[in-house]
Amino acid sequence: MTEPKLKIKYRELPHWEIDGAVYFITFKTWERLELTSAARQVVMDACKFFNNQRYDIFVLAVMPDHVHILMQPLPKSDREFWSLTSIMHSIKSYSAKQIPKVMPHIGTIWQSERYDRIIRNYQEFDNTWEYIRQNPVSAKLSNTPEQYPFFWQIAEIEKDRIYKIIVPHCKSISNSE
C-alpha cells in the first residue's frame, strides 16, 4: 500500500480523511427527530452490518436523535480504503429506508452532514471511547453503558494493538497540517 495522504473534502463542513485512520463520527436525525426503540435497532443493525468487512467498529451508541461511532475504515483493495462518504451513505441510506417500516414517519430521517474527527493519539482515542460509552448514562437512558440496548463495543481492547493503529497516522496528520 502507498503512503497515506490527507484528503480534504468540503460540503457544509470540512471532512478530512487519511487512509487507515480511526474516526469519531457523529450523525444526527433531521430536525432532532426522536427515533423509537425499533428504529434505533434498525440503525444499530445498519451500523454493524459491514463491521469487520468495510470498517472496524470499536464502540457505538445509537441515541434517540443522534449516533456516535468510533471506527476505522478497512482496505477496499491494495490501493484504497473504504471512504467515510461511502460508509456513511450505506448506513444512512439503508436505515432511512427501513425506519419508516418500524415507526410512523414520512420524509427525511438524517441530516445530510456528519461530524467526523480523525483520532490523533491514544489519549484522544481513550477519551472518545469513554465519551461514547457514557453518552447513554449522561442522557439518563441507563445506569451503565452496558444496560443501554443500543450500545455496542468490541469485547476486549488491546492497548498495544490500538497504539499501533493510531500512532503511524498521527505522524501523517502532523506532516499534512
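Modeller: Before we look at the sheet, two strands are said to pair if DSSP finds at least two bridges between them. The model is a predicted one, in which local features need pLDDT of at least 70 and side-chain atom pairs count only at pLDDT 80 or more, while totals for chains, interfaces and linings use all residues. Residues are numbered from 1 along each chain as its sequence is written, and side-chain values use heavy atoms, with hydrogens and water left out.

Colleague: Okay, how many helices and strands does the protein chain have?

Modeller: The protein chain has 4 helices and 7 strands, where helices (H or I, at least four residues) and strands (E, at least two) are DSSP runs numbered from the N terminus. Read from the N terminus, their order is β-β-β-α-β-β-α-β-α-β-α.

Colleague: And which strands does S3 pair with?

Modeller: Strand S3, residues 23–28, runs antiparallel to strand S5 (residues 66–73), with 6 bridges between them, and S3 is also antiparallel to strand S6 (residues 115–118), joined by 4 bridges. Lysine 28 has histidine 66 as its bridge partner in S5, whereas phenylalanine 24 stands opposite arginine 117 in S6.

Colleague: Is S3 mostly covered or mostly open?

Modeller: S3 is mostly covered, since 5 of its 6 residues are buried; buried means under 20% relative accessible area, exposed means over 50%, and partly exposed lies in between, with a 1.4 Å probe and protein chains only. For the protein chain, 47% of the 177 residues count as buried.

Colleague: Switching to helix H2, what span should its residues have?

Modeller: H2 covers residues 84–102, and at 1.5 Å a residue its 19 residues should span 27 Å, which agrees with the 27 Å between its end C-alpha atoms; the expected span is 1.5 Å times one less than the number of residues.

Colleague: Where is the kink in H2?

Modeller: The kink, of about 30°, lies at alanine 96, shortly before proline 100, the bend being the angle between axes fitted to the seven residues ending there and the seven starting there. The buried residues of H2 include Leu84, Ile91 and Ile99.

Colleague: Last topic, which loop holds arginine 32?

Modeller: Arginine 32 is in the loop between S3 and helix H1 (37–49), and its phi is near 55°, a positive value in a residue other than glycine. Most residues other than glycine have a negative phi. Arginine 32 counts as partly exposed because its relative accessibility is 44%.

Colleague: What about asparagine 52, buried or exposed?

Modeller: Asparagine 52 is exposed, with a relative accessible area of 57%. Asparagine 52 lies in the loop between H1 and strand S4 (55–62), and its phi is near 70°.
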